[in-house]
Amino acid sequence: MTNEAPPPPYANWGAYRFDRALSRACEDQSLTLAEFAEAIGKSDQALRNIRYGTSSPRPDTIARIEEAAGWDIGGYEQAREGKTPTPAVRAIVQSQPTRLAFLLRVVHTKSGHPYTFRDLAKELRQGGIDITVGQVEALTETWQGAPEGIEAGLASIFGVPTSYFTDDTVAVEVERELALLAALRDTGVKNLALRAAGLSPRSLDSLARMVESAREIEGLSSAEHKRDK
């Protein structure tokens, strides 16, 4: 970026950029730096050392910083590089209709095209749920009058836990994984191994679980099972 030294009191440009991103995150959440320090379990001085670059946070501290700042995994390094940290997926989806709408946006059929209301109605009827195309479409607006077993039926089709439709915590995790899988699919990433180089063990573990989820959605056997043969 530049050969000039960062402005005092910053030890390096990464710290300067991180502190600016952190300040914006605190402002967005109406948090003071003291409140942020408390949220991550650090003293004001410890946070100041991290902000100014005079100490490097441990992986567990980075995870707490990212969570408290509302950033996704990797947000800390993105901030230090001067990039806008990717927002964490929050429990912003509060109803079954919007959760169904999310699945329709990001999950594709085994043949590679987005699910239509007709696709869902056909598969639900095959699973023993009496429902019309119009009723499936109505589910994206209201859950009133939804037939019994609809959550389990939709969960089976989309390859998600049934609790996705009722549990905010589960929904956040599922949407985080599906959003990444959709991004990988849409950008045509071919060589995941090369692009994973340099990621932390925590990120690699998350990525591995997402790949396994993708294989389940596509109806493929697990990678571990194939290796054992």
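Reader: Which pattern does the protein chain follow, read along the sequence?
Author: Read along the sequence, the pattern of the protein chain is α-α-α-α-α-α-α-α-α-α-α-α-α. Please keep in mind that this is a predicted model. Counting the elements gives 0 strands, and the number of helices is 13.

Reader: How much of the protein chain counts as buried?
Author: A residue is called buried when its relative accessible area is under 20%. The protein chain has 229 residues, and the share that counts as buried is 34%.

Reader: What share of the contacts with a separation of 6 or more comes from residues 24 or more positions apart?
Author: Here we look at contacts in the protein chain between residues with a separation of 6 or more. Of these, the part that joins residues 24 or more positions apart is 50%.

Reader: Let's go to the start of the chain. Which two residues does a cis peptide bond join?
Author: Most peptide bonds are trans. In the segment before H1, where Pro-9 is found, there is a cis bond with omega of about 10°. The residues it joins are Pro-8 and Pro-9.

Reader: Which residues form one aromatic cluster?
Author: A pair of aromatic rings is described by the distance of the centres and the angle of the planes. The count of aromatic pairs comes to 8. One cluster is formed by Tyr-10, Trp-13, Tyr-16 and Tyr-52.

Reader: What is the arrangement of the rings of Tyr-164 and Phe-165?
Author: Tyr-164 and Phe-165 are both buried. Their ring centres are 5.3 Å apart and their planes stand at 75°. Planes over 60 degrees apart get a name of their own, so this pair is edge-to-face.

Reader: Is Ser-30 buried or exposed?
Author: Ser-30 lies in the loop between H1 and helix H2 (33–39). Its phi is near 55°, a positive value in a residue other than glycine. The relative accessible area of Ser-30 is 65%, and the cut-off for this class is over 50%. So Ser-30 is exposed.

Reader: And is Thr-61 buried or exposed?
Author: Thr-61 has its place in helix H4 (residues 59–69). Not counting residues up to four places away in sequence, Thr-61 touches Lys-42 and Ile-50. Because its relative accessibility is 2%, Thr-61 counts as buried.

Reader: Now for H9. Is H7 parallel or perpendicular to H9?
Author: Helix H7 (residues 117–126) and helix H9 (residues 150–158) have axes 10 Å apart and pack at about 115°. In H7, Leu-120, Glu-123 and Leu-124 meet Ile-150, Gly-153, Leu-154, Ile-157 and Phe-158 of H9. The crossing is right-handed. The angle is why H7 is described, relative to H9, as roughly perpendicular.

Reader: Is H6 parallel or perpendicular to H9?
Author: The axes of helix H6 (residues 96–106) and H9 come within 11 Å, crossing at roughly 20°. H6 passes H9 in a left-handed crossing. Gln-96, Leu-100, Leu-103 and Leu-104 of H6 meet Glu-151, Leu-154 and Phe-158 of H9. Angles under 35 degrees share one class, so H6 is, relative to H9, roughly parallel.

Reader: Which residues is Ile-150 in contact with, leaving aside its neighbours within four places in sequence?
Author: Ile-150 lies in helix H9 and counts as buried because its relative accessibility is 1%. Beyond those neighbours, its contacts are Leu-124, Ile-129, Ile-131, Leu-139 and Trp-143.

How values were computed. Residues are numbered from 1 along each chain as its sequence is written. This is a predicted model: local features need pLDDT of at least 70, side-chain atom pairs count only at pLDDT 80 or more; totals for chains, interfaces and linings use all residues. Side-chain values use heavy atoms; hydrogens and water are left out. Axes are lines fitted to C-alpha atoms, for helices over the stretch in contact, and angles run from 0 to 180 degrees between N-to-C directions. Helices (H or I, at least four residues) and strands (E, at least two) are DSSP runs, numbered from the N terminus. Angles under 35 degrees count as roughly parallel, over 145 as roughly antiparallel, 65 to 115 as roughly perpendicular and the rest as oblique. A crossing is left-handed if the near helix is turned anticlockwise from the far one by less than a right angle, and right-handed if clockwise. Contact means heavy atoms within 4.5 Å. Buried means under 20% relative accessible area, exposed over 50%, partly exposed in between (1.4 Å probe, protein chains only). Rings of Phe, Tyr and Trp (its six-membered ring) pair if their centres lie within 6.5 Å; planes under 30 degrees apart count as stacked, over 60 as edge-to-face and the rest as tilted.
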